[in-house]
Amino acid sequence: MKQLSKVLVVDYGSQYTQLIARRIRENGIYSEILPWTASTSEFENSTPSAIILSGGPNDAGEKGAPTLNHALLHLNVPILGICYGMQLLALHFGGTLVNGENREYGETKLKANDGCPLWKGVPPNTTVWMSHGNHVKTLPNGFTSVAETAAIGIAAMASEDHRIYALQFHPEVSHTSHGVQILCNFLFEIAELERNWNMGSFIDDTIAKCRERVKDSNVLLALSGGVDSTVVAALLHRAIGEQLHCIFVDHGLMRQGEAEEIVSMLCQCMPKLQLQTVKAQDLFLKRLVGIEDPEAKRKIIGKTFIDVFEEQASKIPNAKFLAQGTLYPDVIESYSVNGAVIKSHHNVGGLPKDMKFELIEPLRELFKDEVRAMGLGIGLPEDVIWRQPFPGPGLAVRILGEVTAGRLSILRKADNIVQQELKKSGWHRNVWQGFAVLLPLCTVGVMGDARTYDNVIALRVVDSVDAMTANWTRLPHDIIASISSRIVGEVNGVNRVVYDVSSKPPSTIEWE
Ligand code: XMP
């Protein structure tokens, strides 16, 4: 296997760290992020071909502020410090900083000095983006100033002998007009890396690594039919074939025909996949009897999922590994630059601590759109890759109040109409999610000449890029009208449809 060039991005807490990693990959070099708190052996084992020290919110040198692990300097590869990273390098090599005088934020003009390889193809006067109050006052020994701005003087420094460079501004943001060129100059002119990363090579590399790690053991995967777990299944299936054992827990809370569709899609894409479906609707519904509180519902569903998964998993011999579709944003959320864990990531609803499996997370360095590209690259069809997200607890969080077989049936019929109309109008691919919610109340209506007292369905359609924020979709009125009249006309027990016009925040996408 050919060794990939790899850039290690050391995270000091900047909001732009992911963007740095992203820009590097976009330019054909594999990149990986580690927090500044990583151990020396983690840094060494990452075997980078170059290192970038990110920005960060702290003031370098202050008590408790993140520090530079000297092992990084001993790896003897080119280093680029950005903002906070520049300040750490300056302090380490004996320079000094100014705190807060002549602050410079936002766009500013940079005068780049001739002769520094960072500026190849960059005009001598260019616009850059600054975002920090501190900056270098006196240069460390062996460094020269390679760019200045009017307000702060030293805006970039270099020690060409040590192959260490540093920028006070952020080349990774689009406001820096030649930022990508500057990063590429570091990667290709200074570090002399070879562009050898693309999705195809990454897929091959990941498959080879999984094979090497798993050897002749078995691997378990809870497959939901969502994009992430399906891509993991496809990758591992290609890597280890029948040693991969997928378990699809059908909790009976799927949309109309969805469980059957998922199984048939998986069998079609991967005919030899070892897939076991466990039909557990009765158990889930039994445990949900009388439960109205949203959190209680979620907990019961999560626990029941684990019970069912564990029982099935225990029947598979020699299962040493558990595969998960953890994505890069989940990894980032699982540590913080201050050492405190924000959230432990898991995709199976919180596996018990005493499950003695080693985790395999082949997507842990990827962003969602990269996972989609990987799925396509490995041959999964477009409609699998572009499935709308669906919550783990399924329709249970879209039935407000108690979940019963009867209420599930009403919601399924209404939701099916929503899906059909969104697909027919072409809006299905334009929106993040569109679905029906069954409300826990009845209202008066009139059908024919008779009074009705029936359920209300809320229609929820949102635009979003990452589900962290969302806007209600301005769906054309005629689409809302056909959804509404079809639901009231075709679904027994519903006499009213309302459209949810709230955004996230302050609302959430799901109603529970
Ligand atoms: P909220 O309702 O928090 O949802 O705005 C954000 C996104 O997450 C999905 N969602 C879930 N996904 N398990 C999941 O796998 C869950 O328990 C869950 N709850 C919400 C939701 O559909 C939306 O895309």
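View 1. A polar side-chain atom of W432 lies 3.4 Å from an oxygen atom of the ligand, a polar contact being a pair of N or O atoms within 3.5 Å. In the side chain of R298, an N or O atom is 2.5 Å from a ligand oxygen, and for a polar side-chain atom of K504 the distance to an oxygen atom of the ligand is 2.7 Å. On its own the ligand exposes 490 Å², of which the protein buries 68%; these areas come from the Shrake-Rupley method with a 1.4 Å probe.

A word on what you are looking at: this is a predicted model, in which local features need pLDDT of at least 70 and side-chain atom pairs count only at pLDDT 80 or more, while totals for chains, interfaces and linings use all residues. Residues are numbered from 1 along each chain as its sequence is written, and side-chain values use heavy atoms, leaving out hydrogens and water.

**View 2. The shell around the ligand.** Here you can find the surrounding residues, including P389, P391, G392, P393, Q433, A467 and E510; a residue belongs here if one of its heavy atoms lies within 4 Å of the ligand. Sorted by class, the shell has six nonpolar, three polar and three charged residues, with Gly counted among the polar ones and Pro among the nonpolar ones.

**View 3. The five-stranded open sheet.** Its strands follow the order β14-β13-β12-β15-β16, with parallel pairing. Strands are DSSP runs (E, at least two residues), as are helices (H or I, at least four), numbered from the N terminus, and two strands pair if DSSP finds at least two bridges between them. β14 (274–279) and β16 (358–360) are the edge strands with a single partner each, so one side of each has no neighbour in the sheet. Neighbouring strands are turned by 30° against each other on average, direction ignored; axes are lines fitted to C-alpha atoms, for helices over the stretch in contact, and angles run from 0 to 180 degrees between N-to-C directions.

**View 4. β12 beside β13, with a helix packed on the sheet.** Strands β12 (residues 218–222) and β13 (residues 244–250) run parallel and are joined by four bridges. L221 has C246 in β13 as its bridge partner. Helix α7 (residues 227–240) packs on the sheet and touches β12, β13, β15 and β16, where contact means heavy atoms within 4.5 Å.

**View 5. The nine-stranded open sheet.** Pairing is mixed in the order β2-β1-β3-β4-β11-β10-β9-β6-β7. β2 (30–35) and β7 (125–132) form the edges.

Key
A polar contact is a pair of N or O atoms within 3.5 Å; within protein, one must be able to donate a hydrogen and the other to accept it, and residues adjacent in sequence count only if both atoms are side-chain atoms.
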